[in-house]
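Subject: Structure handover and notes

Dear colleague,

Please keep the view at hand while you go through the paragraphs below.

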Amino acid sequence: MTNIAKISALASAPPDTSGVWDDLVQQDRAHRRVYTDDSIFAREMDNIFAATWVYLAHESEIPEPNDFKLSWIGLREVIVARDEDGLVHAFSNRCSHRGASVCREHQGNAADFTCPYHGWRFDNRGQLFGIPGKSAYGPKFKSRDMNLARPAQLGSYKGFVFATLNPDAPPLLQHLGNAARYLDAWIDHNGGPENLCLAGAHRFRLACNWKMVWDNAGDGYHVPFSHQSLLVMTNDRYGGGDMAYFADADRSRMSNNALDNGHTVIDQRPEMHGESAWRQQRPQPGREPYEEHVAATYGEQAQRVLDTTVGAGMNLNIFPNLALIGNQVQVVQPLAVAATGVHWYATRRRDADAEVNTMRLRTQEDFPVMGEMDDASNFEECQRGLTNSPEDEWVDMSRHYETGKDLPAEEGIVRGPVTTDLHMRNYYAEW
Amino acid sequence: MNVTTQSSAVGQRSYHHQPPSLYVINSFYEWVVEVSADLARIAVRDSAAVKAARVDEITRLLTLEARLLDQGTLAQENQRALAQEAYGHWLALFADECAYWILANIPAADPRQTVALEFHDRRRLLDRVARLGTGFAFSQSPASHTSRQWSGLEIWPSPNRTDEWRARCSFMLVESREGHGRVLSGWNGFVLRETPDGLRIVLKQINLIDCDRMQGNNSFFL
């Protein structure tokens with residue numbers, strides 16, 4: 001092949017398969033290709049991750065002027081930075097000159113970013129302010145916008161920073177829709193927007209498509225199976241506890257809820273907090289002295305303090321990449337069609353005493369190693385199955401599709417039994 | 001630093017979750033933070049400060065500790081009872097009031113302020129072992145097999161104590177699961193104390209070189 005032929009081959013547009021793609025996602029099943037096909041993954045990065053609001057960061061991660069952290073809009077790497085005036089900005093980590101990353105640390109404090117390649121300098125609003133040997137550039141160059149590229153819209157909801165490359169995306173509040181009131185409840189459980197701070201992260205790399213992680217985020221069906229080791233151990237050692245109420249989940253008071261724009265929530269609160277979430281929680285290091293401390297310090301409020309030390313009782317999923325689970329903030333980062341990063345940020349409260357925050361952290365270290373890894377292994381096995389057996393085409397999401405139990409509820413919510421696949425059906429409708 | 005339990009302050013209650021975790025209190029955290037800074041310190045230490053017999057004893061203990069974990073992973077798949085036996089011997093190397101700590105940050109963050117990859121007391125280590133014994137720990141089915149090498153052991157006395165030593169060594173842990181190999185590497189810090197039952201591990205701190213980056217399936221013991 002000549003060089004020219006190579007170039008034109010690269011430049012040719014992919015075949016228009018949009019009509020075919022609609023058939024890949026049906027009402028109650030999705031085709032394996034949406035989990036395994038590189039070209040579909042590439043389209044997801046543009047048509048989902050660049051086109052809708054994506055969670056980038058929590059403001060508590062960059063509390064001081066000039067703090068920054070790296071984040072991602074799908075595969076696109078962005079710097080989220082707070083300027084000297086306290087305003088938060090997001091801009092591409094791609095030098096406007098030749099494309100090198102201008103920031104090579106995951107987080108830090110810097111008033112400006114100097115590209116290591118040719119020394120171009122950008123402030124922490126993403127604006128170019130220094131070009132070595134600038135006199136060598138002419139008026140045509142100077143007429144171009146050479147600032148770092150910025151997402152079309154940036155928004156913050158109670159400290160949660162989102163961005164989209166789509167100038168026509170509806171305002172963030174409209175995108176959150178009726179999920180906002182669950183987000184409010186989750187934030188209130190954690191002390192309110194002024195008190196919630198992220199406190200470090202567990203980060204995992206999984207060999208599966210990002211939607212395997214997302215499918216599970218609203219799956220109330222897997223618990224007694226995927227987490228059987230945890231349930232059996234907890235029962236054997238302590239006579240039962242956390243998550244035992246999933247054994248006969250559809251008879252429980254929990255629900256699975258389809259919200260606006262593909263968002264969903266599993267509401268476990270009636271079971272988890274119905275009795276006492278603290279009492280059901282598997283024991284953490286230092287649990288007993290902590291109970292003594294809380295009883296001595298908080299008097300009549302002691303039980304409430306104990307119960308807010310453990311999870312909020314919601315799995316709230318803000319499509320496509322933010323999942324609030326327990327007291328943790330989970331961020332799903334697509335890396336490739338069959339590779340996904342999952343970041344589990346722990347949280348603490350500015351208004352809580354040292355013992356409360358310590359116990360929050362010990363509680364949040366329980367599930368990642370004893371529960372999440374079992375799920376992760378199952379996601380990876382799903383990916384293997386879909387990849388290796390192309391004749392078996394479909395991924396099922398028909399649970400409670402035909403039972404008539406997913407029913408309209410208040411404020412446009414559709415509410416179903418906790419094990420329904422409504423979560424998948426709802427986000428795929430948005431997908 | 002005295003890290004013995006202040007159980008008298010807790011009173012005569014009965015505990016639902018056995019064994020109760022009475023020692024993981026603020027003074028314990030103060031102590032692990034101080035130890036952590038000492039373990040990580042760039043220092044040239046007096047290599048003759050610990051008697052040869054004690055060095056030998058600690059070396060044997062840490063060799064056994066690593067070997068039992070490797071044996072546990074090798075048995076986990078088809079011989080769970082043997083794996084449980086290996087983990088039982090492994091846990092017996094730890095003092096009753098112990099911590100197993102995998103950092104999520106370099107340098108080490110205060111575990112009261114920042115989440116760790118793992119910060120376990122004895123009870124949660126028992127939970128971890130029991131979970132592996134259920135037969136339903138799918139992240140270890142099939143099981144990881146591990147082979148760990150460690151070297152560069154340095155041992156020095158804990159300040160102001162005659163019955164306690166601190167140690168660090170670098171490690172390389174090769175894992176194979178489902179035919180895929182991985183290498184985990186870093187350094188371990190230990191605190192070892194002479195107890196009425198013999199020399200025991202009070203703290204094992206695992207410092208992965210990439211602990212603040214994405215990890216794979218580390219659901220075995222490091």
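Two residues are said to be in contact when heavy atoms of theirs lie within 4.5 Å. Leaving aside neighbours within four places in sequence, A:E44 is in contact with A:V34, A:F49, A:W210, A:K211 and A:W431. A:E44 belongs to helix α4 (residues 38–49) of chain A, where helices (H or I, at least four residues) and strands (E, at least two) are DSSP runs numbered from the N terminus. With a relative accessible area of 2%, A:E44 is buried; in these notes buried means under 20% relative accessible area, exposed over 50%, and partly exposed in between, with a 1.4 Å probe and protein chains only.

Before going further, please note that this is a predicted model, in which local features need pLDDT of at least 70 and side-chain atom pairs count only at pLDDT 80 or more, while totals for chains, interfaces and linings use all residues. Residues are numbered from 1 along each chain as its sequence is written, chains are lettered from A and ligands numbered from 1 in the order in which they are written, and side-chain values use heavy atoms, with hydrogens and water left out.

Chain B contains an open sheet of six strands with mixed pairing, in the order β2-β1-β6-β5-β4-β3, where two strands pair if DSSP finds at least two bridges between them. The edges are formed by β2 (118–120) and β3 (145–157) of chain B, each of which has a single partner strand, so one side of each is left without a neighbour in the sheet. Inside this order, strand β1 (residues 94–102) of chain B runs parallel to strand β6 (residues 198–208) of chain B, and five bridges join the two. One residue to look up here is B:I102, whose bridge partner in β6(B) is B:I206.

In chain A, helix α15 (residues 354–364) has nine of its eleven residues buried, so it is largely enclosed by the rest of the structure. Among the buried residues of α15(A) are A:V356, A:M359 and A:R362. At the start of this helix, a side-chain oxygen of A:D353 comes within 3.2 Å of the backbone nitrogen of A:E355.

Next come the charged pairs. Side chains of opposite charge can pair when their charged atoms come close. The structure holds 42 salt bridges over all chains, a salt bridge being a side-chain nitrogen of Lys or Arg within 4 Å of a carboxyl oxygen of Asp or Glu. One of them joins A:K158 and A:D184 at 2.9 Å, N to O. A:K158 lies in the loop between β10 (153–157) and β11 (160–164) of chain A and A:D184 in helix α7 (residues 180–189) of chain A, so the pair ties together parts that are 26 residues apart in sequence. A:K158 is partly exposed, at 34% relative accessibility.

In chain B, the side chains of B:K204 and B:E65 also meet in a salt bridge, at 2.8 Å, N to O. B:K204 lies in strand β6 of chain B and B:E65 in helix α3 (residues 52–76) of chain B, so this pair ties together parts that are 139 residues apart in sequence. B:K204 is buried at 1% relative accessibility, and B:E65 is buried with a relative accessible area of 3%. A network of salt bridges links B:E34, B:D38, B:R41, B:R45 and B:R166.

How many disulfides are there over all chains? The count comes to zero, a disulfide being a pair of cysteine sulfur atoms within 2.5 Å. The sulfur of A:C103, for example, is 11 Å from the closest cysteine sulfur, in A:C115, which is too far for a bond.

A cis peptide bond joins B:Q18 and B:P19, with omega about -10°, and B:P19 is found in the loop between α1 (7–10) and α2 (26–40) of chain B. Another cis peptide bond joins B:I106 and B:P107, with omega about -5°. A:E411 has a positive phi of about 55° although it is not a glycine, and A:E411 is exposed, with a relative accessible area of 56%.

With best wishes

Note on methods
Polar contact = N/O pair within 3.5 Å; in protein donor to acceptor, adjacent residues only side chain to side chain.
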